[in-house]
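I opened the model to look up a helix, a sheet and a ligand site. My entries follow the order in which I checked them.

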Amino acid sequence: MFGSYTFDWTPVWNAAPELLYGAYVSLQIAVLTFLLGSAIAFFLALAKNSGRAILSVPANAWIEVSRNTPCLFQIYMLYFGLGAIAPSLDSYSSVFLAITFNNAGYMAEIIRGGLKAIPPTQTRAARGLGLTAPRAYLFVIVPQLIPVIYFPSVNQFIWSLLNTSLGMIVGLNELTGVTYSLQSITFRTFEFFIVTAALYYVMVKIVTALGAWGSRVLLPNATKGERR
Amino acid sequence: MIVLNNVEKRYGSLEVLKGVSFTVETGEVLSIIGPSGSGKSTILQCMNGLEPIQGGEIIVDGVSVHAKGTNLNTLRQKIGIVFQQFNTFPHLTAIQNAALGPRRVLGAPKKEAVERARVQLEKVGLGDKLDHYPSQLSGGQQQRLAIARALAMEPSYMLFDEVTSALDPGLVREVLETMKLLAEDGMTIVAVTHEMAFARDVSTRVAYFDAGNIVEIGPAREIFANPAHASTSAFLSHIQH
Ligand SMILES: Nc1ncnc2c1ncn2[C@@H]1O[C@H](COP(=O)(O)OP(=O)(O)OP(=O)(O)O)[C@@H](O)[C@H]1O
Ligand SMILES: [Mg+2]
């Protein structure tokens, strides 16, 4: 019977506004959780590197759990699990917080890897000048860190954009969630999933292109600043 | 004046400084010589508080470096330090490297910070390299940039840690010249060095350091002409041949 399947794209076309809105929700979650996750990741990385158990143990626990359990479980824990001990979260909040948690763990390891590429003597020289520790980070370490972690971070962003599709499981109307409910109403499963896959593909391609463009604008002297 | 009083320093169970005492008078050039691993770099890094100490005291212009409540960032403004491995900031041009301290430590307006940086870069002979990145400079030029960066803070003291050791032989002289000019300008200098010509001809005093302590310290000419200790003469004859 498969060979005689007749495609009907009309329901998909009619649902374009809903699909685009779903894509917007996915993108919004991806961008915000990436920014928030990266900010947290910076402190997780410093805490894990601090050599002080009171900071490094919790930071390490966060990093380990977020990277070594499925993101789906992390969403479930917040959506269903938290209800057992605290007011339960709505689907948007649980997806948002779980992906932030996940991003923070992965970005922390990317940042830690980047920090390893910067000789510790750079910090020493900066502190030797009289810069405070935060200023040494801001003016000496971070500018050298950005070129190192830039492309891994773009990859992590793409990964978390695709991870937003897990929102479907808790009934969130992101792109996959929207697609799932539309196809179950219209029974045009194939058509909807093909179009949605294409939308993800296009979004990732745009992110990749923006990433490449951003690297030329943000890192103009990445090649000049090579290390000895 | 910098006073070290019975300074003890350990890394874990490794005793690196075993009760070191000496004084650096204002205006003098003190060279510290001694075998590898004896703790020379450690002394310098303790002097500006980059390394904590476990015993004794270091006093810079009346301020105890490692006392609680000492603002190390303020203290470091008057103690410049230059390392063996240059440690120039690779993401900044020469002028940006040298302006960073005045701008971000002293809070000088950008124009003034850049002007201070330019004066020092010209002084070390890099007036035509202001917009070069460190990777576009030779080793000797990078080391002179590191010196200019420290000088832009207008420090009272300069600490040099084997600043010529990582350089090709042909580039050593330009850096030593720069240090010599600085000494002639009256800068107070503590230089850990393997350059015996510098120690002999430029410094006012020489300290021979071995196994975590000063073995002897005295006027450069005396130490070189008649060292009081057998280990000093052994080291000198070894390094000069
Ligand atoms: N951060 C550190 N942690 C542990 N041990 C250290 C550290 N820094 C230095 N040491 C040890 O302390 C001792 C003194 O080191 P230091 O660098 O002061 O010697 P040095 O006299 O400057 O030697 P060189 O001439 O090779 O530079 C050495 O045994 C060294 O291995
Ligand atoms: Mg040394």
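The entries below begin with the conventions and then take each topic in turn.

**Conventions.** I worked from a predicted model, in which local features need pLDDT of at least 70, side-chain atom pairs count only at pLDDT 80 or more, and totals for chains, interfaces and linings use all residues. Residues are numbered from 1 along each chain as its sequence is written, chains are lettered from A and ligands numbered from 1 in the order written, and side-chain values use heavy atoms, without hydrogens and water.

**Helix in chain A.** I took helices (H or I, at least four residues) and strands (E, at least two) as DSSP runs, numbered from the N terminus. Helix α7 of chain A covers residues 133–163.

**Sheet in chain B.** I traced an open, antiparallel sheet of four strands in the order β2-β1-β4-β5 (pairing requires at least two DSSP bridges). β2 and β5 of chain B each have a single partner strand, so one side of each lacks a neighbour in the sheet. Five bridges join β1 to β4 in chain B, and Ile2(B) has Val60(B) as its bridge partner.

**Ligand 1.** I noted Ser41(B), whose polar side-chain atom lies 2.7 Å from a ligand oxygen atom, and Glu162(B), with a corresponding distance of 3.0 Å.

Terms used. The expected span of a helix is 1.5 Å times one less than its number of residues. A polar contact is a pair of N or O atoms within 3.5 Å; within protein, one must be able to donate a hydrogen and the other to accept it, and residues adjacent in sequence count only if both atoms are side-chain atoms.
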